[in-house]
Amino acid sequence: MAYSNPRYLATCLLSITLLLLAACGGGSNSQETFDQEIVSQFTPGQRLQLEPIDSHYTGVSYPLKLYLPHNHAPNRKFPVIYILDAEWRFETVADSVDKNQLEVILVGIENYVDDDYKHREMYSQWPLAKDYFDFLTIELLPSIEKDYSIDETNRTVMGHSLTGLFVGIALLIDSPQQPYFHRHVSFDGSFWAHRDVTPQLVNDRLSLDQTLSSRVILVAATAYPNNARYVSWFEQLLAAAGFSQLELDRYEYDKAHIPVVAYSMNDVINALY
């Protein structure tokens, strides 16, 4: 019969093979491309609520949040953002990190809750801001960074309103030689609260060292209500001081004081990384 002809069988097998290859999208190059696409797909990180941390310097306990990249591993160091007011801002930052497919560790510090958040107000301003700074740098950072793979040369501190004011203070009171933070982000900071103190802090820092190595991003809201006037005032103080190695940027948005944070977050995150 015709079906027993070897040449006929070989032709049939070859046709079947070509059809299968076509159905699979071709040869090995297509398969390699498909594999690479799978490997390069971004997976959102893990969001965790940590145990609160007690502070000797401020006398209260702070709830903590954590975001870890999907591929977090002890043998690889990641940049970190320390987020103040984390009960309000942490998810906004984490959502932006996921949206922009970045590999960053986030540490959120919530506030001690009392009437009208008076503790937050007091410890965001001088002189108690020094105690809050010591809590962050002496107590919190070592506690977090002993357990997670954080790049100690790539730390950002981020705050809004009164904690945005604190970010400006942290910039000026950090060590000139071995600073804890290398990027500072202030969203519509309440610099109006420090009209007398801030110029003195700038002068004190300048007398210690004219080098101020940091990337500073100041976000200003211009819709009512806002702190745009005072954000500009702080920017001008820093510019007039003439610090070397200071990268200073000001972003302005036609948004009010509260919504400006979420509205500007993607721009800020992309500017940082």
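R155 counts as buried because its relative accessibility is 7%, where buried means under 20% relative accessible area, exposed over 50% and partly exposed in between (1.4 Å probe, protein chains only). The structure is a predicted model, in which local features need pLDDT of at least 70, side-chain atom pairs count only at pLDDT 80 or more, and totals for chains, interfaces and linings use all residues. Residues are numbered from 1 along each chain as its sequence is written, and side-chain values use heavy atoms, with hydrogens and water left out.

R155 lies in strand β5 (residues 150-160); helices (H or I, at least four residues) and strands (E, at least two) are DSSP runs, numbered from the N terminus. The backbone oxygen of Y180 is reached by the R155 side chain at 2.9 Å. Apart from neighbours within four places in sequence, the residues in contact (heavy atoms within 4.5 Å) with R155 are V80, Y82, L141, E145, Y180, F181, H182 and R183.

Helix α8 (residues 228-241) contains S232. With 14 residues, α8 reaches 20 Å from its first C-alpha to its last, close to the 20 Å expected at 1.5 Å a residue; the expected span is 1.5 Å times one less than the number of residues. S232 counts as buried because its relative accessibility is 16%. The C-alpha atom of S232 is separated by 8.0 Å from that of A220, twelve residues apart along the chain. Just after α8, G242 has a positive phi of about 70 degrees.

Note on methods:
A polar contact is a pair of N or O atoms within 3.5 Å; within protein, one must be able to donate a hydrogen and the other to accept it, and residues adjacent in sequence count only if both atoms are side-chain atoms.
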